[in-house]
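Here is a short report on one protein chain. Look at the overall form before the details.

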Amino acid sequence: MALTFDYKVRDRGGNLVQGQLEGDSLNLVVSKLREMGYLPISVTPKSKVDVHKDISIPGLSNRVKLAELAVATRQLATMVDSGLSVVRALGILGGQVENKELSRILGEVRLDVERGSSLSAACAKHPKVFSRLFVTMVQAGEAGGTLDSVLNDLANAMEKQAMLMRKIRSAMTYPAVVLSVMVFIFLALLIFVVPVFKNLFNSLHATLPTPTLIILKISSIIMSPWAVLVVAVVVAGVVSFRKWIHTEEGRAKWDAFKLRPPVFGPLQHKVSLARFSHTLASLVSSGVPILEALDIVSDTAGNVVVGGVLQEAKVGVREGRSLADSLDGHDEVMPQLVVQMIDVGEQTGSLDAMLAKVAEFYDGEVESTVSNLTSLLEPMLTVIMGAGVGVMVVCMYLPMFDYIKHIPQS
């Protein structure tokens with residue numbers, strides 16, 4: 001049975017490299033490291049029981065973020081461009097990345113390449129980390145002898161995509177925090193404050209106004225055992241909804257719905273167009289055939305509606321029509337700006353450059369929309385939270401105003 005060994009070695013440049021390697025024995029691992037051009041400093045078997053082993057949380061600990069993969073890809077491109085072999089570059093990269101899951105996968109990729117596999121084929125064995133786009137572009141780079149350039153293009157594309165997602169998440173963070181605080185305040189008032197007023201009103205035996213009765217009824221429901229059932233129903237509904245949107249029919253309907261809301265719909269549309277333009281520009285510049293590129297882009301556009309239009313365009317291109325002509329007529333999904341830019345790119349032989357300009361334009365549009373959305377939501381949510389708390393307080397004090405009127409004056 002193969003064992004795992006931790007090693008520290010020096011490469012030909014004198015740099016310290018650390019990592020892990022599997023082997024049947026210590027001698028075999030040392031021999032393998034020397035064959036790779038390293039000078040072993042220490043090679044020790046990894047203990048099966050590690051007291052200080054990090055806690056692994058399924059779905060979280062074994063995740064590889066897009067930004068981490070982008071950095072690793074750029075480093076790999078730099079090393080390959082410097083003349084290092086892919087095997088040595090992967091070995092160095094696997095020893096220096098901080099993400100343990102990525103380090104493990106890079107080690108497996110390096111072993112596959114050592115055994116004669118191509119880099120693209122080795123990466124294809126790990127679809128959760130290396131997307132179809134990544135594998136196809138690496139394959140094109142290997143075929144054209146431009147692997148370093150392709151890896152740089154991949155790193156650029158992934159960095160732009162990661163930056164785009166960061167902007168959207170940052171815009172959504174403030175509303176999420178404010179809404180959470182609102183829910184917490186309302187629950188605290190309904191659970192701890194409203195019951196006090198309820199006991200007071202019961203002792204006075206007076207007729208209560210309708211707004212106050214509504215608040216008291218909501219508080220009673222939350223404090224009753226039925227609240228557990230309501231929470232269970234809500235959780236079951238959320239779980240069912242998430243399962244439904246992962247079905248083919250559900251995903252199509254949900255993606256179509258996401259394009260309709262007044263503000264968030266156009267934002268989602270622009271994000272999909274930016275992703276489509278970035279991806280297609282990278283594939284075309286790497287020499288990937290247009291039909292295969294459209295097939296990949298339709299899967300990575302992030303929206304089934306946009307992907308469906310691209311699949312229809314693929315059929316038109318296969319029949320001999322231009323890409324711009326195939327996309328024309330889908331104005332709700334593909335604006336005329338995109339179609340015209342693609343048409344110019346096809347006529348001048350600079351399709352990748354035109355697509356890059358389209359991507360740059362929609363990146364700017366997304367950034368502007370997110371900035372405006374954040375500026376609009378911050379005061380709006382603050383006002384809503386203040387108004388909600390104010391309405392609840394007024395509802396509780398309405399009976400008090402009525403009682404004050406009936407207090408006899410001396």
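This is a predicted model: local features need pLDDT of at least 70, side-chain atom pairs count only at pLDDT 80 or more; totals for chains, interfaces and linings use all residues.

Residues are numbered from 1 along each chain as its sequence is written, and side-chain values use heavy atoms, with hydrogens and water left out.

**Overall form**

The protein has 16 helices and three strands (DSSP runs, H or I of at least four residues for helices and E of at least two for strands, numbered from the N terminus). Its radius of gyration is 30 Å, well over the 22 Å that the globule rule gives for 410 residues, so the protein is more spread out than a compact globule. That radius is taken over C-alpha atoms, and the rule is 2.2 Å times the number of residues to the power 0.38. The C-alpha trace spans about 105 × 65 × 35 Å along its principal axes.

Of the 410 residues, 37% count as buried (under 20% relative accessible area; exposed is over 50%, partly exposed in between; 1.4 Å probe, protein chains only). Helix α3 (residues 86-96) is largely enclosed by the rest of the structure, because eight of its eleven residues are buried. Among them are R88, L90 and I92.

**Salt bridges**

The count comes to 14 salt bridges (a side-chain nitrogen of Lys or Arg within 4 Å of a carboxyl oxygen of Asp or Glu). Three of these pairs are tabulated.

| Pair | N to O distance |
|---|---|
| E159 and R74 | 3.0 Å |
| R132 and D299 | 3.1 Å |
| K314 and D295 | 3.6 Å |

Salt bridges that share partners join R132, D295, D299 and K314 into one network. R132 lies in helix α6 (residues 132-144) and D299 in helix α12 (residues 290-300), so this pair ties together parts 167 residues apart in sequence. K314 is buried, at 13% relative accessible area. D299 is exposed, at 53%.

**Surface patches**

R63, K65, R166 and R169 form a positive surface patch. R63 sits in the loop between β3 (39-45) and α2 (66-81). A nonpolar patch of V393, V394, Y397, L398 and F401 has about 410 Å² of accessible area together. V394 belongs to helix α16. Patch residues have over 30% relative accessible area and no salt bridge; like charges are joined within 9 Å, nonpolar side chains (Val, Leu, Ile, Met, Phe, Trp, Tyr) within 5 Å. Accessible areas come from the Shrake-Rupley method with a 1.4 Å probe; for residues, only the protein chains shown count as cover. Lys and Arg count as positive, Asp and Glu as negative; His and the chain ends are not counted. Charges are placed at NZ of Lys, CZ of Arg, CG of Asp or CD of Glu.
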